[in-house]
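Q: Please take a close look at one helix and the parts around it. Keep it short and give the cut-offs.

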Amino acid sequence: MSTTSSSAVTLASINPKVLKCEYAVCGEIVSHAQLLQEDLKAKPGSYSFDEIVYCNIGNPQSLGQPPVTFFREVLALCDHPSILDRDETHALFSADAIARATEILDVIPARAAGGYSSSQGTKGLREVIAAGIASRDGYPCNADDIFLTDGASSAVRMMMQLLISSEKDGIMCPIPLCPLYSASIALQGGFLVPYCLDETTGWGLETSELRKQFEDAHSKGITVKALVVINPGNPTGQVLEEENQRQIIEFCKKESLVILADEVYQDNIYVEEKKFNSFKKIVRSMGFCDKDISLVSFHSASKGFYGECGQRGGYMEAIGFSYAVREHNYKLACVNHCCPVMSGQILASLIMNPPKPGDESYESFSIERDGILSSLARRAKALEDAFNSIEGVTCNKAEGAMYLFPRIHLPKKAIEAAKAANSLPDAFYAHRLLDATGIVVVPGSGFGQVPGTWHVRCSILPQEDKIPGIISRFKAFHESFMQEFQD
């Protein structure tokens with residue numbers, strides 16, 4: 001790569017919305033971690049740790065989680081259909097994987113997994129997903145309401161493009177929030193209207209807070225167009241109660257807001273007293289139809305117990321939109337990605353239509369699924385207990401999703417040291433943690449937080465045998481850090 005640069009493109013000349021956009025999950029801490037990783041590779045033994053542990057992002061398979069066998073068998077057969085009829089294939093692959101791959105290829109144009117599909121996604125696969133949604137919720141689903149996308153992120157960006165037309169258009173978002181939303185709003189030039197989750201009640205969502213922030217935005221001339229709800233929460237891990245969802249829906253109906261329901265962690269529930277209910281299900285149970293409320297639900301093959309981040313599979317179901325608006329959404333799909341990645345489309349159909357009782361793969365699939373989810377629950381509990389055992393750290397329970405968001409009660413001297421280093425206090429803490437232990441977390445400031453509080457987001461994804469080492473290294477670092485900066 002050239003070390004010189006053209007004066008034609010400078011920070012002053014690029015899109016100012018790009019300059020405003022931030023994405024902490026892949027920010028400066030991660031860049032520094034990658035440099036340390038290269039240094040460890042080149043000079044083994046040069047640090048007090050021998051590996052970088054990436055707890056910054058929900059990327060399960062990169063941290064050792066195995067792919068689901070049935071899903072990968074179907075993908076392999078779809079990618080190489082000429083082996084479907086070979087005798088050895090029936091010895092290597094399960095019969096239901098062979099049958100499923102055949103069914104999928106039959107609905108793909110020219111049976112070619114390497115070809116383009118409709119920009120909305122292959123109709124036959126959308127029909128499978130619609131049937132899966134109907135089975136999950138107990139209410140009908142129209143395949144024409146589904147847009148297959150390259151992961152949920154692509155769908156979120158499409159909706160921001162559709163909804164935001166000026167800097168006076170507001171999108172209500174939880175604080176803390178997944179930075180995908182703040183970044184997407186910034187890139188479209190919209191206004192983020194924050195509503196704070198209550199850390200003291202397990203990251204509760206109060207409709208009184210929604211009302212307060214909505215009215216405050218309105219008083220500033222902001223036209224609030226939509227409300228983002230992340231359930232289960234990212235980075236906070238809470239699972240909404242059904243009554244709370246009803247309150248949110250009533251609020252959005254009254255104020256004519258589109259509900260943007262991020263439900264990508266719907267399979268990641270770790271507590272017996274909570275269960276996932278989709279916003280679509282609750283909307284229909286309240287008797288509302290498409291003319292009453294607009295709802296967009298996002299799901300992804302990247303999370304859950306499947307963790308297929310690199311395959312880029314996802315979808316959104318958009319209800320309560322007119323045919324004319326849907327046509328413009330289709331136009332955006334054409335412009336944004338021509339067509340979604342075919343392997344991702346196939347995976348999106350598989351996560352909504354996994355093996356059923358009686359299928360050859362059902363038992364092995366169930367063992368893999370339950371093993372992954374139970375291990376994630378144990379990891380979440382181990383990290384939660386560890387954080388709460390450390391002086392100066394408090395952490396709410398991870399009821400779902402893939403993260404914990406502990407609060408770090410930093411001493412005044414640490415905050416002053418961070419200021420002197422031209423850094424936010426939680427970023428200063430995370431940087432020092434990385435340099436001392438090799439553990440990568442994301443500063444809470446990248447997600448938003450109540451002023452005067454400091455957090456880090458830590459994923460629960462490192463393999464279970466690594467969790468004790470992570471805990472011991474974190475504890476030792478924190479005690480040393482607090483002693484260094486004690487007031």
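A: Helices here are DSSP runs of H or I with at least four residues, strands are E runs of at least two, and both are numbered from the N terminus. This is a predicted model: local features need pLDDT of at least 70, side-chain atom pairs count only at pLDDT 80 or more, and totals for chains, interfaces and linings use all residues. Residues are numbered from 1 along each chain as its sequence is written, and side-chain values use heavy atoms, without hydrogens and water.

Helix α16 covers residues 425-437. At 1.5 Å a residue its 13 residues should span 18 Å, and the end C-alpha atoms are 18 Å apart, which agrees. The expected span is 1.5 Å times one less than the number of residues. Buried residues of α16 include F428, Y429, L433 and L434. Buried means under 20% relative accessible area, with exposed over 50% and partly exposed in between (1.4 Å probe, protein chains only).

F428 and Y429 also belong to one aromatic cluster, with F387, F474, F477, F481 and F485. Rings of Phe, Tyr and Trp (its six-membered ring) pair if their centres lie within 6.5 Å; planes under 30 degrees apart count as stacked, over 60 as edge-to-face and the rest as tilted. The structure holds 18 aromatic pairs. In one of them, the rings of F387 and F474 have centres 5.1 Å apart and planes at 75°, so the pair is edge-to-face. F387 lies in helix α14 and F474 in helix α17, so the pair ties together parts 87 residues apart in sequence. Both F387 and F474 are buried.
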